[in-house]
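Please keep the sequence and the coordinates at hand while reading.

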Amino acid sequence: MLRLPWRLSASKYSVSDPARLLTVALSGADGAQRSSGCNIRCFRGVPRPGHRSALPRPRCVLSPSVCMSMASGGEGSSSTPHKHTNRLAKERSPYLLQHAHNPVDWYPWGQEAFEKARKENKPIFLSVGYSTCHWCHVMERESFEDEEIGKILSENFVAIKLDREERPDVDKVYMTFVQATSGGGGWPMSVWLTPDLKPFIGGTYFPPRDSGRRPGFKTVLARIADQWQNNRPALEASGERILDALKKGTTVAANPGEGTPLAPDVANRCFQQLAHSYEEEYGGFRDSPKFPSPVNLMFLMSYWSVNRSTSEGVEALQMAMHTLRMMALGGIHDHVAQGFHRYSTDSSWHVPHFEKMLYDQAQLAAAYITAFKVSGEHFYADVAKDVLLYVSRDLSDKSGGFYSAEDADSVPASGGEEKREGAFCIWTASEIRELLPDAVEGTSGAATLADVFMHHFGVKEPGNVAPEQDPHGELQGQNVLIVRYSVELTAARFGVTVEKVNELLASAKAKLAEVRKDRPRPHRDTKMLASWNGLMLSGFARVGAVLGDKALLERAVQAANFLKEHLWDAEQQIILRSCYRGDQMDVQQISPPISGFLDDYAFITCGLLDLYEATLEPEWLLWAEELQLRQDALFWDDQGGGYFCSNPSDSTVLLQLKEDQDGAEPSANSISASNLLRLCQYTGRQEWLQKSQQLLAAFSDRLNRVPIALPEMVRALMAQHYTLKQIVICGQKDAPDTTSLLDTVNSLFLPFKVLMLIDGDPDGFLCQRLPVLSSMSQLGGVATAYVCQDFTCSLPVTDPQELRRLLLDGVADTP
């Protein structure tokens with residue numbers, strides 16, 4: 001997939017024109033990955049109608065609405081000494097280390113590489129990916145391990161390898177270029193730059209050699225090297241024009257005098273757009289592939305909360321609850337070892353892409369515990385706990401941090417060196433029968449434990465994966481567990497009680513989990529990112545608060561302490577982007593460390609606010625206030641409103657972007673809009689209310705036209721419109737009467753509220769920031785609740801049921 005910049009403006013070339021020859025040679029590259037839209041989506045592909053050749057494995061394409069990432073593969077291992085070692089061997093990023101022994105003179109992103117390009121007057125080849133990206137590993141194996149290609153790269157270019165998760169700012173700039181010049185994009189991303197870092201050609205995966213009309217990477221390199229020598233002014237001029245157009249086209253700013261959009265109108269439009277894309281049978285927002293999209297689900301539940309009496313509100317809730325239920329029953333949910341895979345390749349959530357990402361687990365835990373608060377069904381709470389169990393066991397570092405991801409591919413237990421999609425997770429019917437041979441007493445037909453398990457989870461003798469969901473034959477004869485029958489129906493089928501079936505299924509899953517422990521594990525990316533750890537902090541805090549689970553809350557506190565110890569530079573007052581698990585299981589940092597980006601500040605601040613509401617320890621509010629002040633100083637756009645994704649002072653980042661889509665991760669601007677509102681309530685800083693309004697005004701065009709792109713920001717807009725309730729509990733923190741009131745608050749879905757505890761200390765954080773709180777006190781020495789909104793407070797209540805009625809109905813006398 002490649003289109004040259006000049007092709008956008010040039011209409012005709014002569015056959016002898018070198019630029020034309022290069023365009024013809026490259027224009028067919030990776031055509032299967034071309035699509036329109038603005039976010040990355042990756043899926044195990046079936047060839048498009050009319051396309052002559054299918055890609056051999058999962059592919060990344062661009063499409064609207066949901067931001068995905070594709071992955072599989074791993075680090076690989078070898079018992080033989082390495083023939084080559086380059087400077088990436090000194091890096092800590094798992095992705096860069098995977099390329100440390102290529103016969104390529106790789107440089108990390110930095111001044112050393114830039115100076116070399118300027119000094120030697122060479123173009124830069126920038127290759128961007130991440131450690132769990134399958135096609136990144138394919139290109140490494142096919143091209144970057146090739147001696148001949150390595151020589152061409154090293155002699156004609158300055159080759160830079162970049163981990164997109166370490167430097168999302170750089171990735172976004174050049175992905176924007178690739179999207180604009182090709183209509184599509186993905187990882188690995190391959191971009192050629194001038195020595196002053198301006199892009200002039202961009203693409204994604206290239207096969208190593210020519211195949212039919214598709215040029216190979218070797219051909220691409222040779223043609224670009226020739227053009228750099230003979231047609232450099234044209235390359236530079238066209239790249240300059242595209243970059244100028246991108247600077248204008250990516251601007252997000254409020255028009256003079258423009259206010260925030262009308263929240264009810266925007267919310268109704270967002271609901272209608274989601275309803276239009278909703279798939280009724282299995283839930284989700286397209287037929288296939290299907291993605292969890294927690295931002296959509298959280299919006300729908302919030303929309304219902306203010307539209308409970310309307311048919312639209314009821315429909316919104318049904319869409320969210322049905323989607324969450326079907327995902328939990330589907331194969332996208334790991335029924336043996338917990339957690340959720342990245343996405344489903346089919347409409348019924350059955351056959352997933354088996355990668356597991358930390359940011360998915362964080363957001364899904366919050367979505368499921370919210371569904372529990374809305375419905376009271378313990379099914380949803382159990383799924384939330386299930387997700388956190390997986391994260392605690394498989395993605396947790398002893399320091400308190402969380403690792404980034406687990407791969408989709410691993411070596412099959414049956415042997416062989418080639419990794420296969422889902423090998424760690426799938427089962428044959430014969431395996432199940434061998435592992436679960438025990439007869440189950442009292443069943444009709446003398447059934448075995450295997451019979452019950454296979455019936456319930458849809459296990460079939462020839463395998464349960466349809467051929468169209470397995471175009472590469474990796475899942476042939478295998479089964480992906482999916483709940484095909486309810487526990488009640490399974491109990492009826494075998495003539496036993498529901499309790500008995502639950503007991504049998506739990507026993508069977510435990511046995512399978514033990515077997516999986518002995519299988520070769522997928523590669524795990526042990527990089528710890530500040531932003532994703534912030535999301536996971538929110539997940540543990542929210543679930544722990546709702547369930548009153550002290551262990552989960554302790555894990556949340558441990559995560560916050562990890563962030564403060566390892567990813568907060570107190571001297572410079574900045575967040576650091578990442579740290580790494582060392583060879584001795586210690587936490588290591590690169591030198592110099594990477595400064596944090598907007599999402600690092602926004603997600604951690606949100607996590608700290610959630611942690612305060614879960615633990616009511618004011619130290620977390622204090623740090624959240626501190627982080628917000630630093631975020632404002634580093635990223636706020638005084639002219640246009642809103643926050644830049646990266647620090648505008650970094651001259652190596654050519655575009656100053658404001659993320660305008662809630663995708664696989666929410667936009668940091670969306671989270672910031674809510675953070676500002678919450679912090680205004682906690683600190684009394686009215687400038688933060690104004691900043692939130694200015695931010696929403698900057699995104700007003702996007703919110704009015706396509707609010708489906710920013711459902712999390714629509715929630716922030718709704719919070720501003722309906723105003724946040726201040727729930728003030730006066731009492732001693734661990735006293736039973738205080739706990740009863742807090743449990744009542746935590747059990748209810750109140751999307752637009754802040755919770756505060758006043759323990760009688762006039763020098764405490766809240767009383768110092770909000771002196772009016774000092775006038776609130778316990779009635780008769782009993783824990784007392786006040787509910788305030790729009791500068792009006794209810795009369796105090798001490799009874800939990802009265803507080804519940806007040807919060808749900810808003811019925812109370814006011815002083």
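Which residues of α15 are buried? In this predicted model, the buried residues of α15 are Leu-449, Ala-450, Val-452, Phe-453, Met-454, His-455 and His-456. Helix α15 spans residues 449-456 and is mostly covered, with seven of its eight residues buried. Just after α15, the backbone at Gly-458 adopts a positive phi of about 65 degrees.

| Helix pair | Angle between axes | Axis separation |
|---|---|---|
| α9 (residues 263-277) and α10 (residues 294-306) | roughly 125 degrees | within 11 Å |
| α18 (residues 530-547) and α19 (residues 550-566) | about 155 degrees | 8 Å |

For the pair α9 and α10, whose axes cross at roughly 125 degrees, the angle makes α9 oblique to α10, and the crossing of these helices is left-handed. On the α9 side the contact involves Ala-267, Asn-268, Cys-270, Phe-271 and Leu-274, which meet Asn-296, Phe-299, Leu-300 and Tyr-303 of α10. Sorted by class, the residues of this contact comprise seven nonpolar and two polar, with no charged residue.

For the pair α18 and α19, which pack at an angle of about 155 degrees, the arrangement is roughly antiparallel, because angles over 145 degrees are counted in that class. Here too α18 passes α19 in a left-handed crossing. From α18 the contact draws on Ala-530, Asn-533, Gly-534, Leu-537, Phe-540, Ala-541, Val-543, Gly-544 and Ala-545, while α19 supplies Leu-552, Leu-553, Arg-555, Ala-556, Ala-559, Ala-560, Phe-562 and Leu-563. The contact of α18 with α19 has 13 nonpolar, three polar and one charged residues.

These local descriptions belong to a protein chain whose secondary structure comes to 28 helices and 23 strands. Of the 815 residues in the chain, 60% count as buried, and the accessible surface comes to about 30,900 Å², with 49% of that area belonging to carbon and sulfur atoms. Among contacts between residues at least 6 apart in sequence, 70% join residues at least 24 apart.

Definitions and conventions: Residues are numbered from 1 along each chain as its sequence is written. This is a predicted model: local features need pLDDT of at least 70, side-chain atom pairs count only at pLDDT 80 or more; totals for chains, interfaces and linings use all residues. Side-chain values use heavy atoms; hydrogens and water are left out. Axes are lines fitted to C-alpha atoms, for helices over the stretch in contact, and angles run from 0 to 180 degrees between N-to-C directions. Helices (H or I, at least four residues) and strands (E, at least two) are DSSP runs, numbered from the N terminus. Angles under 35 degrees count as roughly parallel, over 145 as roughly antiparallel, 65 to 115 as roughly perpendicular and the rest as oblique. A crossing is left-handed if the near helix is turned anticlockwise from the far one by less than a right angle, and right-handed if clockwise. Contact means heavy atoms within 4.5 Å. Ala, Val, Leu, Ile, Met, Phe, Trp, Tyr, Cys and Pro count as nonpolar, Asp, Glu, Lys and Arg as charged, and the others, Gly among them, as polar. Buried means under 20% relative accessible area, exposed over 50%, partly exposed in between (1.4 Å probe, protein chains only). Accessible areas come from the Shrake-Rupley method with a 1.4 Å probe; for residues, only the protein chains shown count as cover.
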